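Subject: A structure for you to explore

Hello! I am handing over a structure for you to look at, and my notes on what was found follow below it. Please open it first and read along.

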Amino acid sequence: MRIFHCLLIAIGLLSCESSTPKQTAVLGQPNIIFIMADDLGYGDLGCYGQQKIKTPNLDRMAAEGMRFTQFYAGTSVCAPSRSVLMTGLHTGHTPIRGNFQFRSRNGQLPLPDSLMNLPETLKAVGYRTGMIGKWGLGDPNTEGAPLKQGFDHFFGYTDQVLAHNYYPEYLWRNGEKIYLQNKVVYLDSTLWHKGLGSYSTEKVEYSHDLFEAEAKQFITSSGDQPFFLYLPLTIPHDNGEALENLRQEVPEQGIYAGLDWEREAKDYAAMVTRMDASVGVLLDLLKQQDIASSTVVFFTSDNGSMRNRSYTDFLDSNGPLRGGKRDLYEGGTRVPFIAWWPGKIKSGSTSNFVGAFWDVLPTCAKLAGSELPPAVDGLSMVPTLLSSGEQAKHDWLYWEFHEQGGKQALIQGPWKAIRLDAKANPEGPLQLYNLDQDLGEEQDLAQQYPEKVEELSGLMTQARTPSDHFPFGAQ
């Protein structure tokens, strides 16, 4: 993997972006909190058009900050999207490009220690770094363990399959297993999850509530040292290993209990509203601690919501977008993105900047005054956030996906190209859409614009470097 990194540096990632060798801190060194939901759709928040689910705190966060209308996750599934966020490299370059069960009962493919990542970038300039929630990039006995990837403090799940269960047997706090009072049943080890899938028969301690409490403790114990808190929550991801109709795990349905909806719609809505309440608790805590004006908070989702589920269809979780999780259509990758920084980010502002997870590392580095890693794909969004200076723009954005035969997607201006069956046919035909005129990606224009198809196909080829774990064709 070190050879891989050197190759990236040598070729400059064939990317349109460039990085400055040294950053200058913006308005001192603000605290940075990055909150990420799991499988939350673009249309699941009131400020993005949701009509049924109540999200007053996130709506308030948007009203007091900036709401992005065209922001994208790293890809449309868990581990690679998080790898993109941590490394600042899109899925044509980041080392983890798909969900990959590493070894039996050993979680996912670990993030290599050869890459400078987001927490390490901030730690290098004096930040206290904490991660609370779902990691999914390496178990404690691998090089991808959170404490080996720049975090000073970790509490949560290291394995994303174990994270399906909201009432787990245990969570990790730093290097120690913290056993909970729940009674857990693990499923057959011959299944795809290799025995990590589980559900609970005695549900006592709800992991999300523990994450909220831990996040409050981390914030209040940081003192005068600037901190970075990465808070990847598990809501509203379902527990696919639980019993039928009990897979949206939540302690209570709250305000939705008496509604004439199917059970999982009420459970899903209650999960999102519970998460929203936690965001409100943290924003209020920042004000109570008198550090709101020195803290920038981001909120997003790791990918779109599950599609073709009766409850997500009923709730219109992905809004006007086509597809959902595991698609490279907009419903799989376009996600809510809100930035909040009282007194610095203009209240009630909206941005149409076309950005993605690989922009987060350069943005945080600029805010903190840290040098960038040798090679990244992203751009600093600070000019957009602070309405100051000229915002650099991407020439194009690229994604790949390594399930369902392999998929690629690329956006250049209004144009969106998608290739299916990329593993078997990496030079195969493209679908072509104009997002400005066809947000729902209903009209394939490939036959009408063959020159644009050829251009975007060439960019797809340029956008990726070979990967042993995640190949397309013969590479």
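How many cavities of 30 Å³ or more are there? The count comes to 3 cavities. Before going further, please keep in mind that this is a predicted model, where local features need pLDDT of at least 70, side-chain atom pairs count only at pLDDT 80 or more, and totals for chains, interfaces and linings use all residues. Residues are numbered from 1 along each chain as its sequence is written, and side-chain values use heavy atoms, with hydrogens and water left out.

**Cavities and pockets**

Both terms are defined on a 1 Å grid over the protein atoms alone: a cavity is a set of points where a 1.4 Å probe fits but cannot get out, while a pocket is an open set with protein on both sides within 12 Å along at least five of seven lines. Lining residues have an atom within 4 Å of a point. Grid points are joined across faces, edges and corners, and a volume is the space filled by probe spheres set on the points.

The largest cavity has a volume of about 90 Å³. It is lined by 13 residues, and the closest to its centre are Tyr-157, Leu-162, Pro-168, Tyr-170 and Tyr-186. Two or more lining residues come from each of β4 (153–157), β5 (170–173) and β7 (183–186); helices (H or I, at least four residues) and strands (E, at least two) are DSSP runs, numbered from the N terminus. The largest share, 3 residues, comes from β5. By class, this lining has 8 nonpolar, 4 polar and 1 charged residues. Here Ala, Val, Leu, Ile, Met, Phe, Trp, Tyr, Cys and Pro count as nonpolar, Asp, Glu, Lys and Arg as charged, and the others, Gly among them, as polar.

Now for the largest pocket, which holds about 340 Å³ of space. Of the 20 residues lining this pocket, His-164, Trp-192, His-237, Lys-325 and Arg-326 are the closest to its centre. The pocket lining has 6 nonpolar, 6 polar and 8 charged residues.

**A histidine in a loop**

Next, find His-402 in the loop between β14 (397–401) and β15 (407–412). Is His-402 buried or exposed? His-402 is buried, because its relative accessible area is 9% (buried means under 20%, exposed over 50%, partly exposed in between, with a 1.4 Å probe and protein chains only). Leaving aside neighbours within four places in sequence, His-402 is in contact with Arg-97, Lys-423, Arg-464, Phe-470, Pro-471 and Phe-472, where contact means heavy atoms within 4.5 Å.

**A covered helix**

Helix α9 (residues 360–368) is mostly covered, with 8 of its 9 residues buried. Among them are Val-360, Leu-361 and Cys-364. Gly-369, which follows α9, has a positive phi near 80°.

**Backbone features to look up**

Most residues other than glycine have a negative phi, and most peptide bonds are trans. Asp-290, in the loop between α6 (263–288) and β10 (295–301), has a positive phi of about 60° although it is not a glycine. Asp-290 counts as exposed because its relative accessibility is 67%. Asn-308 also has a positive phi, near 55°, and lies in the loop between β10 and α7 (310–315). Finally, the peptide bond from Ile-235 to Pro-236 is cis, with omega near 0°.

Enjoy exploring!
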